[in-house]
Amino acid sequence: TTGNMVILQQEIACISNYFKLIEVRYDSRFSLSVEIPKELWKCRVPHLIIQPVVENAIFHGLEEKLEGGKVTIDIIVTDKNLILMISDNGKGMDVDTLKELNARIQSNNVELDDREERNQRNTGIALPNIHKRIQLLFGEEYGVNVYSTAGQGTDVEITIPANYKTDREKDHEERIAEN
């Protein structure tokens, strides 16, 4: 499966539209900042890996903030990887909660604990699901990591290969090269 790869520009457009709804719902208490260089707009990313993280940032990080809540989407490019950073300046989490979250993201069984079943939004499986999808698509060395400081905010880092092409695209390019 290609996991529905889309260009980054489309993904960000969806998130911008989603954020317009959030601004209405929360009376413009939150802002979205997208800091992605134009030359990266055409990079391909798996569909719907950023939006659930933005949703988590709002519901878990920012919801209690009465004003000045900010979500930032940034991209770091290395020789081999695209590192998507989704940051918020919300309530963050303590060391133990962070450790537990990263362990659950890395673990092989995605099951909700009681606490999450009581949380009507059920966003607790979003990060483990994204991590699994990325690893299935690209391999074990890719995925999701979370960094956070209580009272300061949370950074979710999603690492994927920079020059990923689906098998179909590779076949197409090889056919073109042969002719």
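In helix 2 (residues 51–62), the buried residues are Gln-51, Pro-52, Val-53, Val-54, Asn-56, Ala-57, Ile-58, Phe-59, Gly-61 and Leu-62, where buried means under 20% relative accessible area, exposed over 50% and partly exposed in between, with a 1.4 Å probe and protein chains only. Because 10 of the 12 residues of helix 2 are buried, this helix is largely enclosed by the rest of the structure. This is a predicted model, in which local features need pLDDT of at least 70 and side-chain atom pairs count only at pLDDT 80 or more, while totals for chains, interfaces and linings use all residues. Residues are numbered from 1 along each chain as its sequence is written, and side-chain values use heavy atoms, with hydrogens and water left out.

**Overall architecture**
- The protein has six helices and seven strands, which are DSSP runs numbered from the N terminus (H or I of at least four residues for helices, E of at least two for strands).
- Along the sequence, these elements follow the pattern β-α-β-β-α-β-β-α-α-α-β-β-α.
- Of the 179 residues of the protein, 44% count as buried, and the accessible surface comes to about 10,400 Å², of which 48% belongs to carbon and sulfur atoms; such areas come from the Shrake-Rupley method with a 1.4 Å probe.
- Among contacts (heavy atoms within 4.5 Å) between residues at least 6 apart in sequence, 72% join residues at least 24 apart.

**Surroundings of helix 2**
- The buried residues of helix 2 pack against helix 1, strand 2 (30–35), strand 4 (69–77), strand 5 (81–88), helix 5 (126–138) and strand 7 (153–161).
- Val-53, which lies in helix 2, counts as buried at 3% relative accessibility.
- Leaving aside neighbours within four places in sequence, Val-53 is in contact with Ile-86, Leu-127, Ile-130, Val-156 and Ile-158.
- The C-alpha atoms of Val-53 and Ser-87 are separated by 9.1 Å, although the two residues are 34 apart along the chain.

**Helix 1 with helix 2**
- Helix 1 (residues 8–25) packs on helix 2 at an angle of about 20°, with the axes 10 Å apart; the axes are lines fitted to C-alpha atoms over the stretch in contact, and angles run from 0 to 180 degrees between N-to-C directions.
- The two helices, helix 1 and helix 2, are therefore roughly parallel to each other, on a scale where angles under 35 degrees count as roughly parallel, over 145 as roughly antiparallel, 65 to 115 as roughly perpendicular and the rest as oblique.
- Cys-14, Ile-15, Tyr-18, Phe-19, Ile-22 and Arg-25 of helix 1 make this contact with Gln-51, Val-54, Glu-55, Ile-58 and Phe-59 of helix 2.

**Helix 3 with helix 5**
- Helix 3 (residues 95–106) and helix 5 pack at an angle of about 40°, with their axes 8 Å apart, and are therefore oblique to each other.
- Leu-101, Arg-104, Ile-105 and Gln-106 in helix 3 meet Leu-127, Pro-128, His-131 and Lys-132 in helix 5.

**Loop residues with positive phi**
- Ser-28, in the loop between helix 1 and strand 2, has a phi near 55°, a positive value in a residue other than glycine, and counts as exposed at 54% relative accessibility.
- Leu-48, in the loop between strand 3 (44–46) and helix 2, has a phi near 60°, again positive in a residue other than glycine, and is partly exposed with a relative accessible area of 39%.
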